[in-house]
Structures are given as C-alpha cells and as structure tokens.
Amino acid sequence: MLESIRPTSRRLPSLIRSLTTDSVPHTSNVPPPPILDGAKPRPSRLHPRPRPAARSQRQVLPDLPPSFGRNQLLPVPNSTRALLEDIVHSFEAPIRYAFAYGSGVFEQAGYDKPADGKPRGTDGPMLDFVFAVTHPDHWHSINMHQYPGHYPLHARALGSSFVSNVQAFGPGLWFNTYVPMRGVTIKYGVTTVDALCADLLNWRTLYLAGRMHKPIRIIRDDARVRLTQQVNLTSALRTALLTLPAQFTQRDLFTALASISYSGDPRMLLPAENRNKVANMVDRQEAQFRELYWRLAQGLPGVRWRVDSQMIEQDTSAHARAAHLKKLPEELLTRVHSRAQGRGPPREADESAYWLRVAGDTALPSILRSEMSNIVRYPATVQSLKGVVSAGLMKSAYYTAAKVRKYWKGSATKAPGESS
C-alpha cells in the first residue's frame with residue numbers, strides 16, 4: 001500500500017517517485033492560472049488548514065507468470081464449464097474468486113454420470129460453489145435485492161448486516177442451499193478473500209483450506225488466492241508425506257490428502273455423511289489429484305515420483321522429515337510444538353537437535369492426524385449449527401435427511417478395497 005507522503009523538502013524524492021508511478025494522468029506541466037493584481041487567494045475556512053488527502057490504494061499483486069499455478073486449472077466438460085460460468089455470471093454482486101466442487105462437478109463413485117457430462121437437473125447431485133468477496137455486508141445487500149428467495153425469511157427481515165455477522169462466526173462462511181438456478185439445484189457459500197487466504201496460509205480452521213486440497217473447478221480467478229492456494233497445496237503435500245512410509249502408492253497419497261478436512265468433522269461420526277466419501281472421491285478423481293500434486297512433488301527434496309509410475313518413494317530420514325516439518329502451516333506447527341514439550345530437550349537449548357528429534361519421533365504421524373482433527377472439529381461443528389440459521393428450519397431438515405440417506409447408503413456399500 002502506498003504510504004502517506006508529506007510534501008516536505010526532506011521527502012521530496014519520495015514525492016517525485018510516487019508521482020511518476022501514479023496511474024492517474026496528471027497535468028503538472030500545465031501552470032496554474034495567474035492571480036490577478038489585487039486579488040488574494042481564497043483563504044481556507046478551516047484553521048489550521050487540513051493536510052492534503054493522501055492517495056490510499058490496496059496493495060495489488062503483480063501479474064503472475066502464465067504458467068504459475070497451472071496445476072490448479074482442472075478441466076471439466078464444455079457443457080459443465082458453460083453451466084458453471086453462466087451461474088456465477090448471473091450474480092450482480094461482485095465476486096472476486098469463485099470455484100465449484102463436489103460430485104456435481106467431478107465424478108464420484110456412487111453417482112451416475114450423464115452421457116454428455118452435463119450435471120443433471122434438480123434430481124441430480126447438488127452443485128456446490130464458494131464465492132470469495134471483498135465486502136460481505138455490501139455483497140449480501142445486493143444479492144438480497146436480486147435473489148431474495150435465496151435467504152430465509154428471518155435473514156431478509158434482519159438484513160445484510162445480520163447475515164455478514166453470522167457469516168463471520170467459525171470458518172467465516174454463509175451458505176445458501178437448495179437454490180434452483182439454470183435448471184439445476186445449487187448451494188453456494190460466501191466468504192471474504194481475507195478469510196480465505198488466511199485459512200489457506202495458516203490452517204486456522206482447515207474448513208476452506210481442506211476443501212481446496214481436493215479437486216475444484218476455478219470459475220473466477222484472483223492472483224492473491226492462486227498464490228496462497230499453491231502454498232496450501234504444498235502444505236497439504238508435506239503433511240501427507242509426514243504421515244506416510246518410505247514407499248507407497250499415489251492412491252495412498254490422495255487418500256491421505258482427501259482425509260485431512262474430514263478428520264474431526266462431526267458429520268463423519270454422526271449419521272450425516274457418506275462414510276465412503278473419501279474412497280468414492282479418490283476412486284474416480286485420481287487424474288485430477290495427480291494434476292494437482294505431481295508437479296509440486298517434483299520440487300520437494302527426497303521425493304521420487306516418476307511421470308509414468310503410480311509408486312512414490314521418499315526419504316524418511318530425520319533430516320528430510322525435518323525439512324517438511326519446519327514448513328507446515330502455523331496453526332498445525334504450533335500444536336505440534338505444544339505436543340513436543342516434555343518429550344525431550346527444549347527448542348531453545350539446541351534448535352537443530354530439536355527439529356531432528358521431533359521429525360524422527362515415531363509418534364509424529366499420529367500427532368499430526370490428532371491435531372488436524374482438533375483443528376477441524378470446532379469450526380466444522382459451528383458451521384453445521386450455522387446451517388439452521390442460514391438455511392432455515394425447513395431446508396435444514398431436508399438437507400439433514402438427504403445427508404442421512406447418504407450415510408446409510410455408504411454404510412451398506414463397501415468402499416473400493418474394503419474387506420468384509
């Protein structure tokens with residue numbers, strides 16, 4: 001962000017630089033109108049005179065290279081792409097970043113895929129979206145005027161401020177669900193770009209970051225989100241590697257990655273979610289998972305994953321694992337540090353020895369799984385409870401009933417590779 005510049009002689013070079021980079025054309029080469037003899041400049045009504053208003057601009061990321069983050073751009077059938085883009089473009093409220101996900105976008109085991117690849121109508125899987133916006137109060141105000149039926153009666157009565165305040169609780173999302181649009185049924189969550197990027201970097205809730213560990217279809221892109229999403233994917237890959245042995249299959253890796261956001265989710269313990277959800281996803285989306293993570297794995301030290309192989313090898317020495325451990329997201333790493341206290345010499349005594357000791361601990365994989373579950377549990381519980389407020393009683397009951405049906409369907413169907 002451009003700093004405020006006081007027009008003093010000591011900071012004249014800074015003033016000159018700011019003017020040369022100003023994107024707004026100026027007319028400094030045109031002399032001011034002459035003051036007529038006997039006329040005096042009009043004095044300011046305020047004393048002392050107010051300082052000139054300084055330009056304040058949001059810091060803008062430079063344009064990313066065209067190839068940066070290309071692993072995130074997963075293809076979908078043209079008919080699906082056109083439908084997703086049409087739905088997003090129908091919203092008049094400004095959306096900075098948008099993606100679609102779930103079985104309505106990418107095929108999953110247990111769902112029949114139409115021959116043309118286009119999502120079914122209202123009887124097919126719901127299309128799930130997440131919209132990242134800048135000002136949620138303003139966004140919901142515009143959206144309420146355009147689509148009042150997307151919100152329950154009490155939310156319309158209490159207004160957009162109420163909606164944005166409820167949205168801020170927990171992982172920072174407001175969901176409108178069971179919305180008919182363009183011949184299909186959709187659910188869309190609204191969050192802020194700041195909340196999204198914070199979770200992608202730090203894993204404070206793992207609600208959005210965990211969802212984006214899995215294949216998504218980006219509909220509206222943003223340089224800041226693309227950059228932080230690449231960090232999020234790399235963090236997920238490092239974490240999964242720390243829980244896996246020296247040799248494993250790519251399916252093992254994808255299962256570990258997809259499981260991060262579901263560990264600790266109360267819906268996976270209660271009869272409210274398909275118990276084979278992770279296996280169903282990985283079974284039909286291995287190509288998309290590989291596109292997301294293969295190139296990233298090539299840049300990590302000690303990882304060997306050939307382009308023509310489904311087997312992966314990694315260096316599991318304490319030094320190699322410490323290199324991954326040091327770069328885990330802040331929230332997870334803080335929790336690992338707290339678990340490591342009392343299990344050996346403190347970090348302050350010898351930092352290098354500390355990292356090697358923690359990385360070489362055979363309990364590290366279970367510690368990571370346990371702490372990721374702890375991160376997910378509270379935000380996921382809050383978001384589930386918020387569903388009653390954001391959807392209303394009738395839609396919440398209908399949504400819960402649909403989830404229970406999926407649970408019993410998953411309980412009766414064995415996951416691929418599951419033994420009796």
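**Gln-72.** I started with the side chain of Gln-72 and found one of its polar atoms 3.1 Å from the backbone oxygen of Arg-226. This is a predicted model, so I'm reading every distance here as computed from a prediction. Gln-72 sits in the loop between α1 (12-20) and α2 (78-89). Buried or exposed, I wondered about Gln-72? Gln-72 is buried: its relative accessible area is 3%, and the cut-off for buried is under 20%. Leaving out residues up to four places away in sequence, I listed what Gln-72 touches: Ile-216, Ile-218, Arg-226, Gln-229, Gln-230, Leu-233 and Leu-292.

**Helix α8.** Next I looked up α8, which covers residues 223-242. I get 20 residues and 29 Å from the first C-alpha to the last, close to the expected 28 Å. Why call α8 largely enclosed by the rest of the structure? Because 16 of its 20 residues are buried. At the start of α8 I noted a side-chain oxygen of Asp-222 that reaches to within 3.1 Å of the backbone nitrogen of Arg-224.

**Asp-199.** I then moved to helix α6 (residues 193-202), where Asp-199 has its place. Asp-199 is buried, with a relative accessible area of 4%. Which backbone nitrogen lies 3.0 Å from a polar atom of the Asp-199 side chain? I found that of Leu-206. Setting aside residues up to four places away in sequence, Asp-199 touches Arg-204, Thr-205, Leu-206, Tyr-207, Leu-208 and Ala-209. I also checked Glu-331: along the sequence Asp-199 and Glu-331 are 132 residues apart, while their C-alpha atoms are 9.6 Å apart in space.

**Helices α11 and α12.** Two packed helices are described by the angle between their axes and the distance between the axes. For α11 (residues 277-284) and α12 (residues 286-298), I have axes that come within 5 Å and cross at roughly 80°. The pair is therefore roughly perpendicular, since 65 to 115 degrees is the range for that label. Where they meet, I wrote down Met-281, Val-282 and Arg-284 from α11, and Glu-286, Gln-288 and Phe-289 from α12.

**Confidence.** Last, I looked up pLDDT. The protein's mean is 83, and 73% of its residues reach 70 or more. Over residues 1-28 the pLDDT stays under 50, and the model has 20 contacts beyond four places in sequence for them. Residues 53-57 are also below 50; I count 10 contacts in the model for this stretch, beyond near neighbours in sequence.

Methods:
Residues numbered from 1 in each chain as written. Heavy atoms only, no water. Helix = DSSP H or I, 4+ residues; strand = E, 2+ residues; numbered from the N terminus. Expected span 1.5 Å × (residues − 1). Buried < 20%, exposed > 50% of the residue type's maximum accessible area, 1.4 Å probe, protein only. Polar contact = N/O pair within 3.5 Å; in protein donor to acceptor, adjacent residues only side chain to side chain. Contact = heavy atoms within 4.5 Å. pLDDT = per-residue confidence, 0-100. Axes fitted to C-alpha atoms, helices over the stretch in contact; angles between N-to-C directions. Parallel < 35°, antiparallel > 145°, perpendicular 65-115°, else oblique.
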